[in-house]
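Hi,

Here is the structure I promised to pass on. Have a look at it first, and then read my notes below.

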Amino acid sequence: MSAVIDVHTHMLNKTWLSLLRQHGGPRYSVEPVGALADVIHMDGAPFMTPLPEMFDYDLRIKNMNKAKVDMAIISLTCPNVYWGGAEVSLEAAKIMNDDLAAAQCTYPDRIRWFASLPWQYPVVAIAELARAQAAGAAGVVVLGNIAGKSLTDPDFATIWQAIDESGLPVFVHPTAPPGVSQMDAATHNLVPPVGFLFDTSMAIARCIYDGFFDRYPNIKMIAGHGGGALPFIVGRLDICHERIPSCGAHTKDRPSNYMRRIYVDSVVFRQDALQMCVDVCGPENVLYGSDYPHNIGDMIGCLGRVDALGGETRHLVRGRNAERIFKL
């Protein structure tokens with residue numbers, strides 16, 4: 001049986017949370033909500049709930065064993081380290097990267113990790129990329145927007161060039177998209193069910209239309225949550241590329257062909273949605289992910305849908321694709 005490698009799974013660190021509490025304002029704060037002592041708020045609204053499982057590696061390994069997950073490539077979730085000045089953002093990145101590297105040393109057969117970078121400050125971000133890679137980072141995590149800026153913003157070009165040269169895969173994890181207050185997203189807490197997918201879809205579609213994948217041909221980009229809405233709307237991306245000049249001005253190929261170069265995970269919660277990911281991106285470009293230990297995370301359910309794919313596709317998605325792109 002093929003190994004199971006979880007590419008979408010998170011851990012936190014109490015020192016990082018304390019630093020966010022001290023320096024995250026005015027946008028981010030850590031406040032109690034009901035029985036929960038520490039809930040991260042964005043613009044005054046609950047945004048992300050740190051759970052006890054996010055700080056407990058022994059419990060993680062126990063739950064991985066229960067779900068029959070062999071390896072986890074762990075990352076820092078949103079809001080990552082995109083707050084505070086240059087010193088604080090770099091300190092937050094180092095805190096998390098050192099913590100994840102230590103976890104890999106403690107559980108060398110079970111844990112790998114994505115490095116976080118202070119993207120707002122390219123010079124120190126590139127230095128931290130090199131430091132993290134030397135410490136054993138398997139990849140880099142980036143949010144779908146960086147403090148409101150697009151991934152294709154010219155300010156980030158030198159970082160992308162360094163990542164392209166490093167050979168490290170990039171996991172694009174969503175955060176709240178710009179403009180959520182105008183979209184009335186706080187009502188019914190629409191950011192997790194809808195806003196996150198919107199953030200991912202906008203980020204990757206912009207990269208496709210911008211010519212990003214032509215400029216950085218070596219980057220292996222993993223779009224979280226099954227690529228957001230992109231597998232469902234790829235036909236629309238194609239027809240707009242064909243018929244709207246600004247959608248086709250900077251790319252060498254159709255969006256649907258770029259989707260065959262993008263990796264997506266299995267955090268989609270429906271069998272037909274997972275099958276659509278396979279159909280659009282190809283069986284070699286879909287990876288098992290669980291979103292553990294967020295409250296919607298589901299190691300067992302996500303793996304069950306992967307195994308239901310059957311045949312060779314099942315084994316590729318369970319772990320063989322991850323073994324290839326992460327060189328495990």
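Predicted model: local features only at pLDDT ≥ 70, side-chain atom pairs only at ≥ 80, totals over all residues.

**What I found**

Val-317 is buried, and other buried residues of α14 include Thr-313, Leu-316, Gly-319 and Ile-325. What covers them? Among the elements over the buried residues of α14 are β1 (5-10), β10 (263-265), α12 (271-281) and α13 (299-307). Just after the helix, Lys-327 has a positive phi of about 55°.

Next, take a look at Val-278, which sits in α12. Is it buried or exposed? Its relative accessible area is 8%, and buried means under 20%, so Val-278 is buried. Leaving out residues up to four places away in sequence, Val-278 touches Arg-260, Pro-283, Val-286, Leu-309 and Thr-313. Val-278 and Gly-226 are 52 residues apart in sequence, with 9.6 Å between their C-alpha atoms.

Last, there's a helix pair. α4 (residues 122-134) and α5 (residues 157-166) pack at an angle of about 20°, and their axes are 9 Å apart. Angles under 35 degrees count as roughly parallel, so that is what we call α4 and α5. On the α4 side the contact includes Ala-125, Ile-126 and Leu-129, and on the α5 side it includes Ile-159, Ala-162 and Ile-163. The crossing of α4 past α5 is right-handed.

Cheers

Conventions: Residues numbered from 1 in each chain as written. Heavy atoms only, no water. Buried < 20%, exposed > 50% of the residue type's maximum accessible area, 1.4 Å probe, protein only. Helix = DSSP H or I, 4+ residues; strand = E, 2+ residues; numbered from the N terminus. Contact = heavy atoms within 4.5 Å. Axes fitted to C-alpha atoms, helices over the stretch in contact; angles between N-to-C directions. Parallel < 35°, antiparallel > 145°, perpendicular 65-115°, else oblique. Left-handed = near helix turned anticlockwise from the far one by under 90°.
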